[in-house]
Structure formats: structure tokens, C-alpha cells
Amino acid sequence: MNEDGDFESLYALKLAPLMTSLKQEGDSTDKWGIIALLSFVAAIVIGFFALEFHYSHVGFLFSILISVAIVATYKYSKKNDKYIDDYKASVIKEIIAHLYPDIIYKPDESISQHEYKTSSLFRAYYDYFDGDDYIEGVVNNVSFHCSQLHTQFENMKTIFKGLFFVVKINSAFTGGTYVWARGEEQLPATMMDEYRLMPIPRIRDLYIDKDFAKYYRVCTTYESQALTILTPAMRQRMIMLTHESGRLMAFSFVAGNCYFAIPAGNDLLEPPDTEPGDKEEVKKYYYTIQLIIGIINQLHLEELA
């Protein structure tokens, strides 16, 4: 398949007609944002002069401007939320339906907190958990679901932000095998750290080979299962995926599921502000969807099913 040609056809037939209404929504949203900004700035200027020169008679105007700024900010927020929802419900869903008709996309849902905790990919206790762009389907005869996730703790330091995957493998793998990037191990360094981390079953280190150990530290509850899962081919694919993504990835195999996470600074399926973007901007979402499915393909987790 000529991917560029396929995208050009999709854009011309399905996506381009959506851009006009989305641009109108974006423009309307921007207008409320401008009104909010100008009203707030004008109120600050008038408030400054009123205090500096004792212009008490402008108090009513100050109140009016602040009220306008508050209303405009509310309108902007509501319209921006609707714009994002409409963009995803039209453009992103259309791309997914075109590329993978059987894939389910729920823009407002995410991986569950239970799955996040069960994976032990990130064990720090969090007080902020948010996610969206839930995708679910079957690839190479294995069921998967994934979404954007963002977790933080109280000082607003990010624990994880990026793509989080759950893939159903073999329920016979009853143990837990954890593959953390070197330097990112989710293990306590001190006694106090133990209280800062969510619980995990009793595990022990497993050294497999020096090449793999350069990138990952492996801990497991069940050594023979870990060796069955982490075959030479699987280890090579994990290293290759890390190289290609340029990110420190994390994997775990727990109670019949494979969990893995790829950090990403930006929300990969979030629309570009209130401007629907040109064709090249939209093409990024086309390749992002292919990338998500391609990652699962590349790991060949069907070998463990």
C-alpha cells in the first residue's frame, strides 16, 4: 500500500469536508478567548489608574469588565472542550475507521487505575490520574487496549505521561515478571522508599544476558515463567523498540497480561489548539494510529498467547 497515496485519498474524500465546520468552531472559540483576554487586561489597566490616581468613579466599569472576562473565560472553556470533542469524534474516529475498521475508539475513556496499579510499571503513589483516547481491538489474534495516561503526585511532579498498553497473553502465566529500564527501577533504595511505593509481590532479580542487562533490569516472582516469556527473540524486539522510540520503556507480565508504557511529552491525539490544521498536521494523527498498532505488531505477543 502506498501510505501517502492512501492518506491523500482519505483526506480528500472524508477529512477535508470536516475542516470547514471545525475551523468555524475554532474561530468562535478564539473570539471568546480574545474577549476574555482583552476584558481582563482592560480591567487591570483601569484598576491600576483607579488606585494610582484615586479615580473612584471607574469602579463600576472595572466590575463590568471583570464580569465580562469571567463570562468570556467560561464560554471559551466550554467551546474549547466541545471543539476537542468534535475534532476527535470526526477526524480521529474517521482515521481509525479507515485504517482499522474493527478497532474501538473512546476519546473520553482511559486505562483503569486498577490496571495501572496491577502492572507495577510505576509504583509511586499518585494523587492525580487522568487519561483519554482509549483504543481497543485485536491485533494478530491478541486482544489489547491502550490509552494516553498522565499521573502525578502532590508536588505536581509527573510520574508518567504517555501511552499505556494492556495486552492479553496467556492466563497460564500466573506470576509477575517486571522489566524496568536501567535507572528507572521501581524498587526501594531506602526503608522510607518502601512506604512511598505501592505494594508488589515478593520478587527477585533475574540476570539473563549482558546485552539485555545494559538496557533493562528484570525482577520476577517466577523464574521459569520469566525465561519462557523473555526469549532471545522477545528480548531483541524489546531492545529494538526502545531504540526506535528513543524512549525508556517499561514492561511487565502479570497474571496473563502484558503491560507496557511509552513516555510521550505531548498528547499524541490532541487537536492543535483551536486550529484544525493543514493536511500535513492531520497526517500526523494518521501515522500515530499506525504507530500504536505497529508497536503491538512489532512485539509479536501472539507468541505468548
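What follows is a short exchange about a predicted model and the terms used for its parts.

Reader: Why is Thr288 called buried?

Author: Buried means under 20% relative accessible area. Thr288 has 12% relative accessibility, so Thr288 counts as buried.

Reader: Where is Thr288, and what does Thr288 touch beyond its neighbours within four places in sequence?

Author: Thr288 has its place in helix 8. Leaving those neighbours aside, Thr288 is in contact with Leu268 and Leu269. Contact here means heavy atoms within 4.5 Å. Leu269 and Thr288 are 19 residues apart in sequence, and their C-alpha atoms are 7.7 Å apart in space.

Reader: Which residues line the largest cavity?

Author: Thr288 is one of them, and Leu268 and Leu269 are also in the lining. Asp133, Ile135, Ser147, Gln148, Leu163 and Ile292 complete the list. Helix 8, strand 2 and strand 3 each supply at least two residues of this lining.

Reader: What makes a space a cavity rather than a pocket?

Author: In a cavity a 1.4 Å probe fits but cannot get out, whereas a pocket is an open set of points. The count comes to two cavities of 30 Å³ or more. The largest cavity holds about 40 Å³ of space.

Reader: What is the volume of the largest pocket, and which residues lie nearest its centre?

Author: The volume of the largest pocket is about 670 Å³. Its lining has 29 residues, with Ala124, Phe153, Ile159, Glu184 and Gln186 nearest the centre. Strand 4 gives the largest share of the lining, four residues. Strand 5, helix 4 (191-196) and strand 9 are also among the elements that each supply at least two.

Reader: How many strands are in the open sheet, and what is their order?

Author: The open sheet has nine strands, in the order 1-2-3-4-9-8-5-7-6, with antiparallel pairing.

Reader: Why are strand 1 and strand 6 said to stand at the edges?

Author: Strand 1 (104-106) and strand 6 (204-205) each have a single partner strand, so one side of each is left without a neighbour in the sheet.

Reader: How do you know that strand 6 and strand 7 pair?

Author: Two strands pair if there are at least two bridges between them. Strand 6 and strand 7 have two bridges, in the antiparallel sense, so they count as a pair. Asp205 has Cys219 of strand 7 as its bridge partner. Strand 7 also pairs with strand 5, over five antiparallel bridges. There, Ala181 has Tyr216 as its bridge partner. Strand 5 pairs with strand 8 too, antiparallel over four bridges.

Reader: What makes strand 7 mostly covered?

Author: Four of the five residues of strand 7 are buried.

Reader: Which residues of helix 7 are buried, and what do they pack against?

Author: Met234, Arg235, Arg237, Met238, Ile239, Leu241 and Thr242 are buried. The buried residues of helix 7 pack against several elements, including strand 5 (176-181), strand 7 (216-220) and helix 8 (279-299). Just after helix 7, Gly246 takes a positive phi of about 65 degrees.

Terms used. Residues are numbered from 1 along each chain as its sequence is written. This is a predicted model: local features need pLDDT of at least 70, side-chain atom pairs count only at pLDDT 80 or more; totals for chains, interfaces and linings use all residues. Side-chain values use heavy atoms; hydrogens and water are left out. Buried means under 20% relative accessible area, exposed over 50%, partly exposed in between (1.4 Å probe, protein chains only). On a 1 Å grid over the protein atoms alone, a cavity is a set of points where a 1.4 Å probe fits but cannot get out, and a pocket is an open set with protein on both sides within 12 Å along at least five of seven lines; lining residues have an atom within 4 Å of a point. Grid points are joined across faces, edges and corners, and a volume is the space filled by probe spheres set on the points.
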